[in-house]
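Please look over the structure shown below together with its sequence. The notes that follow are intended to guide a first reading.

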Amino acid sequence: MQKSVRFNEGHALFLSVVARKEGTKRGYLSKKTTENSRWHEKFFALYQNVFFYFENEQSVRPAGIYLLEGCTCESVPVPKVSTAGKETLDKQHYFLIVFGHDGQKPLELRTEEENECDEWVEAIQQASYSDIIIEREVLMQKYIHLVQIVETEKVAANQLRTQLEDQDTEIERLKGEIVALNKTNERMWPYHVNQEDEDPDIKKIKKVQSFMRGWLCRRKWKLIVQDYICSPHAESMRKRNQIVFNMVEAETEYVHQLSILVNCFLRPLRMAASSKKPPISHDDVSSVFLNSETIMFLHEIFHQGLKARIANWPTLVLADLFDILLPMLNIYQEFVRNHQYSLQVLANCKQNRDFDKLLKQYEANAACEGRMLETFLTYPMFQIPRYIITLHELLAHTPHEHVERKSLEFAKSKLEELSRVMHDEVSDTENIRKNLAIERMIVEGCDILLDTSQTFVRQGERNLCNCTLWEKGGELGPSHILSTKKNTNSQ
């Protein structure tokens, strides 16, 4: 005899009370019964991924409970009925909850307002515990980054506090020297001339002398400033500032590219994988995109830090930002190692016509500017070398006694070490990306070009055709002809 499933009724009643008071969505809905297919109005309350319904809003105990984890919800058209009841049904809006296991009939609900129906569907679609866990992990990563920033700011504040204390001590020492100098001057002048008894001509002479001394002092400082502006040091500082400004612009563009990758491809494909007939599975989505969303969050924080440093111009301190970025660069190594596999998974998925059609719709978005998904997946591959070039240019215009010199050299050495590790993976994935680009250029279609044993050798023009060569199984031969150009002078 099969034992019944134990159910914690006390905890369920507690959750129902919380749902009636603090639920994500609450209100009356019409529910279709499974016994006689009649509609009864019930009070429903959604709390996280648990769906309660009560006889009315004042009921203490729930009449039923549904667990929504793994379910799908969507609006459905009005059922066909006779002409007599059509006017009444036109005012109703229906939606359906389909459970993810066999043997469970879908739950049919309806409302009188279209907006309310859409709100219920959206709330139920987002009632997933796994989505809450993902959101919590993202928030935790942001929290860790912010804690590191706060610790860095604390260290900087302690350094500034120490400098202020040293300056206060120096000010007190200078005050003592001024007092001693004044006493020395008093001993050198044996008598004090009363200004009221001074001759008017002498006052005029002193006034002219004071004016001339001021003019000579201003002229001297003007020459000093002009000499500094024309000096090599000032020119080097101007170039250094320009490099930083260009770095901020490049970082802004890179964050924009990552946001397009996440918002126009990753998140829509993740939603498509949760549909009834998914064109792609969740595992394939994770394999193609891996931690690209985490990379976007990391660079959003890094970009905000850069803009904050620009706001404090002309004082530009960048070393602490790289100190925060360096411990997180392991995610780049994971992305690069996975990139070759992600392109293979993407090529396999494109054999599904539904997925290929859906992907072309996403790539036709105006924000993509005609670029393909493989192009956006390639951008993180070359970000580390771009940072190395920027740091090399910064160090070329940073004096050896500069306070950031050692920190920038350390960051550059760490990035170069990571770049050497990633070099082989970047070369392999570049071959795959070029083969995919060639495959898309063939209008009439062809067999799959992508293969782990293929290596991109050369692409260029000849007299009769544009062709691409690759090496496979030790043999070197031409690929499919992309386009043919007639040449009357060809041999």
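This is a predicted model: local features need pLDDT of at least 70, side-chain atom pairs count only at pLDDT 80 or more; totals for chains, interfaces and linings use all residues.

The points below treat charged pairs, aromatic rings, and a few individual residues in turn.

1. The structure holds 13 salt bridges. One of them joins the side chains of Glu 55 and Lys 42, with an N to O distance of 2.8 Å. Lys 42 belongs to strand S2 (residues 39-47), while Glu 55 sits in the loop between strand S3 (50-54) and strand S4 (64-67), so this contact ties together parts that are 13 residues apart in sequence. The two partners may also be described by their accessibility. Glu 55 has a relative accessible area of 45% and is partly exposed, whereas Lys 42, at 13%, counts as buried.

2. A salt bridge among the helices. Lys 350 and Glu 374 form a salt bridge in which the closest N and O atoms are 2.6 Å apart. This pair links distant parts of the chain, 24 residues apart: Lys 350 is in the loop between helix H10 (330-349) and helix H11 (353-363), and Glu 374 is in helix H12 (residues 373-378).

3. Glu 369 is exposed, since its relative accessible area of 63% is over the 50% cut-off, but Arg 371 is buried at 16%. Glu 369 is placed in the loop between H11 and H12.

4. Gln 48 is not a glycine, yet its phi is positive, at about 55 degrees. Gln 48 is found in the loop between S2 and S3. With a relative accessibility of 43%, Gln 48 counts as partly exposed.

5. A negative surface patch. Which residues form the negative surface patch? They are Glu 165, Asp 166, Asp 168 and Glu 172. Asp 166 lies in helix H4 (residues 129-188), and its relative accessibility of 48% makes it partly exposed.

6. Aromatic pairs. How many aromatic pairs does the structure hold? The structure holds 10 of them. In one, Phe 302 and Tyr 387 are arranged edge-to-face, with 5.9 Å from centre to centre and 70 degrees between the planes. Phe 302 is part of helix H8 (residues 292-311) and Tyr 387 of helix H13 (residues 383-396), so the pair ties together parts that are 85 residues apart in sequence. Phe 302 is buried, with a relative accessible area of 4%, and Tyr 387 counts as buried at 3%.

7. A further ring pair and a ring cluster. The ring centres of Phe 376 and Tyr 379 are 5.7 Å apart and their planes lie at 85 degrees, so this pair too is edge-to-face, the cut-off being over 60 degrees. Both Phe 376 and Tyr 379 are buried. Elsewhere, ring pairs link Phe 44, Phe 51, Tyr 53, Tyr 66 and Trp 120 into a cluster.

8. Leu 146 and its distance to Ile 324. Leu 146 is placed in helix H4. Its relative accessible area is 49%, and Leu 146 is accordingly partly exposed. Leu 146 and Ile 324 are 178 residues apart along the chain, and their C-alpha atoms are separated by 9.8 Å.

Definitions and conventions. Residues are numbered from 1 along each chain as its sequence is written. Side-chain values use heavy atoms; hydrogens and water are left out. A salt bridge is a side-chain nitrogen of Lys or Arg within 4 Å of a carboxyl oxygen of Asp or Glu. Helices (H or I, at least four residues) and strands (E, at least two) are DSSP runs, numbered from the N terminus. Buried means under 20% relative accessible area, exposed over 50%, partly exposed in between (1.4 Å probe, protein chains only). Patches are made of residues with over 30% relative accessible area and no salt bridge: like charges are joined within 9 Å, nonpolar side chains (Val, Leu, Ile, Met, Phe, Trp, Tyr) within 5 Å. Accessible areas come from the Shrake-Rupley method with a 1.4 Å probe; for residues, only the protein chains shown count as cover. Lys and Arg count as positive and Asp and Glu as negative; His and the chain ends are not counted. The place of a charge is taken as NZ of Lys, CZ of Arg, CG of Asp or CD of Glu. Rings of Phe, Tyr and Trp (its six-membered ring) pair if their centres lie within 6.5 Å; planes under 30 degrees apart count as stacked, over 60 as edge-to-face and the rest as tilted.
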